[in-house]
Structures are given as structure tokens and as C-alpha cells.
Amino acid sequence: MTHPLYPHLLEPITLGSGPDALTLRNRVVMGSMHTGLEDHPWDIDKLAAFFEERARGGVGLIITGGYAPTKRGWLKPFASEMTNRLHAKRHERVTGPVHEAGGAIALQVLHAGRYGYHPLSQSASDKKSPITPFRPSAMSTKEVDHTATAFAKSVALARKAGYDAVEIMGSEGYLINQFLASRTNDRDDQWGGSAARRMHFPVEVVRRSRELVGDDFPIVYRISLLDLVEGGQTWEETAELALHLQAAGVTVFNTGIGWHEARVPTIITQVPRGAWRSYTARLKQVVDVPVCASNRINTPELAEDILASGEADLVSMARPLLADAAFVAKAMDERADEINTCIACNQACLDHVFANQRASCLVNPRACHETELVLMPTLRKQTVAVVGAGPAGLAAATSAAERGFEVTLFEKSAWLGGQFRLAMAVPGKEDFADTLRYFTRRLEVLGVDVRLGAEATAGDLAGFDQVVVATGVEPRMPDIPGIDHASVASYAEVLSGAVVPGRRVAVIGAGGIGVDVSVFLTHTDEDLDDWMAHWGVGDPALTEGGLTEPKPRTPAREVTLVQRKTTPIGISLGKTSGWAHRAVLKQSKVTQVSGATYDRIDDDGLHVTVDGVARVIEVDTVVVCAGQDSVRGLYDGLDRDAYLIGGADIAAELDAKRAIKQGTEVVAGL
Ligand code: NAP
Ligand code: SF4
């Protein structure tokens with residue numbers, strides 16, 4: 001039966017034909033994402049539980065993280081590989097539970113090439129990547145030949161392990177891209193030289209894979225639509241490659257945007273939703289097999305729109321399925337307002353993986369911890385009071401209600417969200433509103449007694465069995481002469497709109513919030529075309545890799561961002577997103593001052609001393625982003641046991657990731 005809201009998204013599709021043809025129950029693909037669980041044999045059951053929960057949540061096809069076809073193709077030392085029968089046998093512990101849950105799963109085969117974080121890495125040439133410290137060795141002609149065969153053997157092993165399909169990773173700048181682009185392939189044997197010869201390697205990988213697994217086993221190929229690096233492929237080359245790959249046996253094209261070393265953000269919050277859909281549509285004009293759209297798609301509405309407009313046949317979402325395992329089931333039940341939406345922050349997923357930690361999710365700390373962080377139904381009918389409705393309090397209240405406790409949530413202000421609410425005002429962080437929508441709806445569904453405008457007292461809490469205090473933080477106002485001057489405002493006053501700063505602004509403190517406030521102050525409205533132009537994204541039909549000269553921004557204000565440290569500004573920001581935030585500061589002509597001592601604030605502006613030289617930064621407004629202090633008067637005054645969580649517990653690490661995790665964990669242990 002056709003679904004009333006998502007008729008295209010929830011329609012089945014058959015990939016391939018013959019006995020191995022794969023019918024998916026819907027068009028939602030959980031895209032590949034390395035979680036860290038792939039790298040240790042002893043984590044295989046945790047990995048299985050992670051996928052099984054997503055299969056139960058209704059997703060059409062799951063694609064695993066990347067598995068190397070050879071040791072030299074590892075992502076890091078001793079990383080995941082699919083190279084022998086033992087590996088295949090072990091993976092039956094993944095494919096079995098997914099199938100029992102009604103799902104389908106594909107193994108991704110990925111050779112890291114010069115992105116391998118180890119001294120054995122190999123590539124088309126010995127050109128080092130800008131994002132790894134190891135120089136790869138250039139493969140010999142024979143080694144390339146062996147590697148193409150190794151890919152095919154991994155594909156065959158995946159089939160043996162019970163996988164329903166494979167994905168060959170041909171995007172994001174990994175080995176296959178390194179063969180395709182003149183940037184990294186300067187070979188003069190049959191695997192390099194002309195554009196046609198640079199295509200030889202991926203085509204051979206697919207041809208040999210098809211030969212080993214027969215005509216019908218679905219082979220997904222993730223193709224790079226836009227390299228976003230100098231010396232990347234042109235559209236003409238990409239289209240030609242797609243046709244060769246199709247002829248060699250590709251069943252479906254998944255799509256990727258940008259190499260990891262690209263200096264254009266492709267998936268973080270500040271990238272407009274659905275930014276890359278038109279490139280997928282372009283590929284669909286070229287090939288006959290189905291095409292899957294990906295990158296910055298995080299709602300069923302957007303996914304449906306892409307399919308309904310004929311731009312793709314499937315939609316891949318990796319992080320959104322981390323954020324909510326039941327994404328598809330909720331869409332199916334017409335409960336999309338209950339989806340815990342991925343806010344594209346990267347803070348707990350990619351930032352963890354790049355720091356060699358297990359991935360999780362800021363808004364869903366159970367992700368990749370399904371067997372460890374369990375919210376068991378309670379056998380005790382207890383009452384729980386949660387004080388404070390910032391991320392920590394919201395996570396605690398909803399988790400407690402989910403366990404079956406009777407929960408009352410006290411919030412002093414008239415709204416939910418605490419400091420997290422302020423983030424929504426930052427340009428490019430509008431998605432954060434979805435987290436509050438999710439929690440608001442969850443409180444309703446779970447029947448939590450929410451008391452807004454209610455400042456809880458010790459007396460109010462006396463009758464509760466359990467008390468969780470999440471009273472949060474308040475902005476720190478540092479002890480600088482003149483801090484009471486009329487020109488001074490806190491970041492909270494500015495982001496909430498209570499204070500509108502003048503044209504020239506100094507920002508004190510260059511942590512995450514100082515950078516966000518600088519972006520807020522300089523931002524002018526931009527549509528998708530402006531965004532592309534500011535980042536220098538052009539037409540790949542006209543330029544290699546689709547890069548063009550970035551168009552300068554016209555900042556709304558003159559901003560000077562000041563810190564006491566002498567380290568580069570913004571160095572503490574997330575590994576996978578900090579560089580993009582720092583780039584926006586540059587594009588917006590924000591003046592950066594490090595190593596400052598604050599002398600005073602007066603009618604002339606902010607007086608500082610830098611390198612022993614006193615100077616005045618002439619501004620109309622000084623915005624203070626100097627961190628936060630915990631608010632814990634209530635907790636300190638309680639003469640009963642209570643749990644203290646979130647910023648009220650540790651303000652120095654005020655952080656929604658930690659707050660939501662702590663709120664969930666405390667309640668899981670009640
Ligand atoms: P923060 O990262 O701790 O930065 C506050 C800055 O204020 C410090 O780096 C410090 O720099 C300065 N400062 C501290 N005490 C001061 C004082 N007494 N006088 C003058 N300057 C002082 O805090 P935040 O920017 O408020 O961010 C809070 C949290 O939110 C962070 O931990 C982060 O996890 C999260 N966040 C992250 C992002 C992101 O990643 N994009 C964005 C927003 C928020 P100096 O000592 O060098 O002056
Ligand atoms: Fe999405 Fe952030 Fe969760 Fe990653 S950590 S899945 S980006 S919400």
C-alpha cells in the first residue's frame with residue numbers, strides 16, 4: 001500500500017536480478033560510517049547489536065563501515081579488513097541478527113590508500129596527503145594488479161559471510177580516487193597517464209568482483225560526484241567513469257561529495273540541507289542503474305522530496321540513523337515529529353573516530369553502546385524530580401520516564417533547552433532546534449509533568465524518591481575594570497536578541513561560543529548559490545574537482561575576536577568541523593587578537609595589552625564569551641541525596657554531548 005506521507009521513500013525497490021536479486025523494503029539506506037567497533041574482533045557482537053537495532057527500526061539497507069581488502073589498505077594499524085575465511089565466518093554474527101530483524105546489509109570494501117594512518121600505506125604515487133603524517137609508497141604495476149584482485153576477493157568473502165550486497169568505496173579521496181585524479185596519479189604504466197587509463201583501476205576492481213560473485217549479486221559503487229580538490233576529476237570524466245563502471249557490473253551508484261582533504265565543508269551543520277542533490281540528479285541523467293543521494297539529508301520530508309522529484313532512486317543517511325535507530329519506523333507510523341534528528345555536529349561520531357575513539361552520537365548516547373547503555377523498565381514505582389530543562393535535564397527526564405518512573409521536570413524559565421537554545425540562533429546551527437522539538441515531543445508522549453516558570457525549592461523536592469539537579473550554568477563575567485559599562489553584553493544577551501550590538505564589536509573569549517558569536521555578528525543572509533559561491537564550489541563541467549575562486553563575503557559588522565592564550569584561535573574546536581569555522585572567520589574578515597591582557601572597557605572601547613604594547617580596540621559593543629560558572633545553589637542547599645549533572649556539575653566542560661550522556665547514564669543506573 002502506498003504510504004500517505006512518504007510514498008516514494010517507503011516504496012520497495014529490487015536491486016539486480018536473478019536468484020541474488022535484493023528487494024529492499026524501502027528506499028532508505030544507512031550509509032557507511034566507521035564506528036571503531038569494526039576494528040576489534042572482540043567488538044563484533046556490539047557491532048551486530050548496533051546494526052540489529054537499526055534493522056528493527058525499519059531501514060531498507062545497512063552499509064557497514066569500511067573493511068580493507070589488504071593490510072596495506074588499512075585505515076590505521078590493525079584496522080578492519082575482510083581478507084580471509086575466518087573474517088567471513090566471524091561476520092555471520094553480524095549478518096545473522098540483521099536478517100532475523102528483517103533487514104538487509106552490505107559490506108563496504110575500502111582501501112585507504114594514502115589516507116592510511118600507518119607507515120605501510122600505499123597509493124597510486126608517493127604523494128603524501130595533507131591530512132596524514134605518513135608518506136605512502138607508490139604501488140608497483142604488479143601491486144596494483146594484486147590490489148584489484150584483493151578487492152574482488154573481499155567482495156566474494158562478504159557474500160560468503162551472508163552479506164546481501166557490497167559497496168566499493170570509490171569516493172571521499174580514498175585509494176580509488178587517488179588512482180582517478182591527476183592530483184595523485186602521475187603514473188606512466190597502464191594504471192595512469194591519460195584520464196582513460198586512470199579509470200582502469202576502479203573498472204578492473206568492479207569487473208573482477210563481478211567475475212567472482214556472478215551476474216546477480218548486488219554491487220554498490222560509491223562514486224565521487226565532486227572531488228572539491230585541485231587536480232580532481234571533471235564532470236566529463238566522472239560521467240565517463242560511471243558508464244564504464246555500469247558496463248563492468250555496478251548494480252547501484254551511491255554518491256559521495258568531496259575528498260577528506262577538501263577545504264569545502266560537505267556534511268557539517270553549516271552546509272545547507274540537501275545541498276548536493278542536484279549533482280545526484282546529474283548522474284541519474286547519465287546511467288541506467290539506480291542512483292542513491294547522500295550527504296546532509298536528515299529528515300524523511302527532504303528524502304521524500306528528492307525521490308519524488310526524480311533526482312535519485314534511494315537516499316543514504318548515515319549519521320541520522322546513528323541519531324535515531326527507529327527513523328524509518330517513526331516515518332512509517334507518521335510520527336516524524338518524534339525522530340531524534342541528527343544535527344550534523346560531528347561531535348560524537350566523526351570527531352570520535354578521528355580521535356581513535358568509538359563513535360557515538362551527541363543526541364543519542366546509546367549509539368554504538370546498545371549493549372552497555374540500556375534503559376531497563378523499572379520494577380520500582382518511584383517518583384523522580386528533575387530540576388533544569390537544559391540538555392542534561394531533558395535527557396534525564398525523558399530517560400527516567402522511558403524506564404517507567406513518574407517524572408516531574410522543573411524549569412525556572414518559560415522555555416525548554418537552557419544554553420542549547422542559544423545555539424539555534426547561530427547561522428548554520430538552525431538544526432539544533434530539532435533536538436528541542438524532539439525532547440519537547442518526547443516529554444509529551446511519555447507524560448512527563450513539565451513545570452515551566454517553576455524555580456524548584458528544597459521544599460518542592462522533599463516528597464520525591466529521586467532528585468536529579470541539572471540547574472546548568474550562567475555566563476561568566478570576568479573581573480575587568482569597566483565590565484559594567486553600558487557597551488558590555490553577555491553572549492546570552494546577544495544570541496537571545498535581548499541586546500543588538502553596534503557595527504563595531506569586540507568579542508572577549510575565543511572558545512566555541514566566541515567563534516559562534518563572531519559568525520552570528522558578521523553573517524548576512526545567503527541562499528544555496530551564495531553559499532556555494534562563498535566556498536568556491538563551481539561547476540565540475542568547467543573546472544577540475546568543481547572548484548572555483550571563492551566569492552568574498554561582506555560581513556554585517558566589523559568584529560575583533562580576542563583571547564588571552566597565544567595558541568591559534570579556534571584550536572579547541574572539533575577536529576572535523578573546527579577548520580570550517582576558522583575558515584568562516586577568515587572569510588568574514590574577523591580580526592583575531594591572541595595573547596591579550598584586558599586592561600579596561602570605557603567609552604573608547606576595549607583596552608588591551610598585547611606583547612607589552614597597550615592599545616584600544618575601538619568598538620560600540622563588547623560581547624563577553626568567557627565561559628560559564630555552574631549554578632548549583634539549590635544543590636548545595638539540599639539536605640538529601642541528589643544527583644548533580646550537566647553544566648551544574650562541571651561548567652568548564654559545558655558541552656551538550658557530555659550533558660546528554662550523563663543525564664542518560666545517571667538515570668540508567670537508578
Ligand atoms: P570555552 O571553550 O571554555 O571558552 C571560553 C574562553 O573564554 C576560554 O577559551 C578563555 O580563553 C576565555 N576565558 C575564560 N575565563 C576568562 C576570564 N576570566 N576572563 C577572560 N577570558 C576568559 O567556553 P565557551 O566558548 O563558552 O564554550 C563552552 C562549551 O561549548 C565548549 O566546551 C564547547 O564544547 C561547546 N561549544 C562548542 C562549539 C563548537 O565546537 N563549534 C561551539 C559552541 C560551544 P582565554 O583564556 O584564552 O582568554
Ligand atoms: Fe549527528 Fe552529531 Fe549525532 Fe554525529 S554526533 S550523528 S553529527 S547528531
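This is a predicted model: local features need pLDDT of at least 70, side-chain atom pairs count only at pLDDT 80 or more; totals for chains, interfaces and linings use all residues.
View 1. C368 counts as buried because its relative accessibility is 1%, under the 20% limit. C361 also counts as buried, at 11% relative accessibility. The closest cysteine sulfur to that of C368 belongs to C361 and lies 9.2 Å away, too far for a bond. A disulfide is a covalent bond between the sulfur atoms of two cysteines. With sulfur atoms required to be within 2.5 Å, the count of disulfides is zero.

**View 2. The buried residues of helix 19, residues 528-535.** W531, M532, H534 and W535 are buried in this helix. They lie on the same side of helix 19, because the arc they cover around the axis is only 165°. The partners against which these buried residues pack are helix 8 (277-286) and helix 20 (578-587).

**View 3. The two ends of helix 19.** After the helix comes G536, which has a positive phi, near 75°.

**View 4. Surroundings of W276 in the largest nonpolar core.** This core holds 175 residues, and W276 is among those with the most contacts inside it, together with F201, Y221 and F253. The most residues, seven, are given to the core by helix 13 (residues 391-403). Neighbours within four places in sequence aside, W276 is in contact with several residues, including L226, L228, I257, W531 and M532.

**View 5. A second, separate core.** It has 17 residues, among them V562, V593, V619 and V622.

Definitions and conventions
Residues are numbered from 1 along each chain as its sequence is written. Chains are lettered from A and ligands numbered from 1 in the order in which they are written. Side-chain values use heavy atoms; hydrogens and water are left out. Buried means under 20% relative accessible area, exposed over 50%, partly exposed in between (1.4 Å probe, protein chains only). Helices (H or I, at least four residues) and strands (E, at least two) are DSSP runs, numbered from the N terminus. The arc is that of the directions from the helix axis to the C-beta atoms. Contact means heavy atoms within 4.5 Å. A nonpolar core is a set of buried Ala, Val, Leu, Ile, Met, Phe, Trp, Tyr and Cys residues joined through side-chain atoms within 4.5 Å.
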